[in-house]
Amino acid sequence: MPVPDRIERTLELAHPPARVWAALTTAEGLGGWFGSHAEIDDLRPGGEARVRWDGQGEFTLWIQVVEPPRRFAYTWAIEGLPADDPRRTYVEFTLEPTGTGTRVTVVESGFAQLPDELAGAYEGNANGWRTELAELAGYLDAAS
């Protein structure tokens, strides 16, 4: 059975787009919910960020799209592939204001390029987004 190409999750947050944007695009914000520490070298297409999870290593985010406070996207390596493998997945966050806050949609695509032996990376990331988006909501709620 082929690996699905994309993961899509939507989250309703009771916070304005500017606060959600800061949680996605600042080192303090990213390190508060997405990993245990983050650094952003340059928040622009072509820039890089690094996110570290204690005990799980560090991952580079290659920034692709920065359209405040609406769209943020990056690519990152696929776990299980060699570090120099050029295949990556594309992650895009879209923020939409609602009457009560912000609707965040995250889409990660590019899994169809995986070899069969790495099909588990899709499930790992699908489960990871459930956890990470719950942590984003918790981070924003705690900062209120």
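A salt bridge here is a side-chain nitrogen of Lys or Arg within 4 Å of a carboxyl oxygen of Asp or Glu. E92 and R71 meet that way through their side chains, at 3.3 Å N to O. E92 sits in strand β6 and R71 in strand β5, so the pair ties together parts that are 21 residues apart in sequence. Keep in mind that this is a predicted model, where local features need pLDDT of at least 70, side-chain atom pairs count only at pLDDT 80 or more, and totals for chains, interfaces and linings use all residues. Residues are numbered from 1 along each chain as its sequence is written, and side-chain values use heavy atoms, with hydrogens and water left out.

**Salt bridges**
- The structure holds twelve salt bridges.
- One of them joins the side chains of E39 and R50 at 3.4 Å, N to O. E39 lies in strand β2 (residues 37–40) and R50 in strand β3 (residues 48–53), so this pair ties together parts that are eleven residues apart in sequence. (Strands are DSSP runs of E, at least two residues, and helices are runs of H or I, at least four, numbered from the N terminus.)
- R50 counts as buried at 18% relative accessibility, while E39 is partly exposed at 34%. (Buried means under 20% relative accessible area, exposed over 50%, partly exposed in between, with a 1.4 Å probe and protein chains only.)
- E39, D41, E48 and R50 are linked in a network of salt bridges.
- D42 also bridges to R44, with the closest N and O atoms 2.5 Å apart.

**Aromatic rings**
- A search of the whole structure turns up 14 aromatic pairs. (Rings of Phe, Tyr and Trp, the last by its six-membered ring, pair if their centres lie within 6.5 Å; planes under 30 degrees apart are stacked, over 60 edge-to-face, the rest tilted.)
- W76 and W129 make a tilted pair, 6.5 Å centre to centre with 45° between the planes. W76 is in strand β5 and W129 in helix α3 (residues 120–142), so the pair ties together parts that are 53 residues apart in sequence.
- Both W76 and W129 are buried.
- Ring pairs link W21, W33, F34, W53, F59, F72, Y74, W76, F93 and W129 into a cluster.

**Helix α3**
- With 23 residues, α3 reaches 33 Å from its first C-alpha to its last, close to the 33 Å expected at 1.5 Å a residue. (The expected span is 1.5 Å times one less than the number of residues.)
- Its buried residues include A121, N125, W129, L133 and L136.
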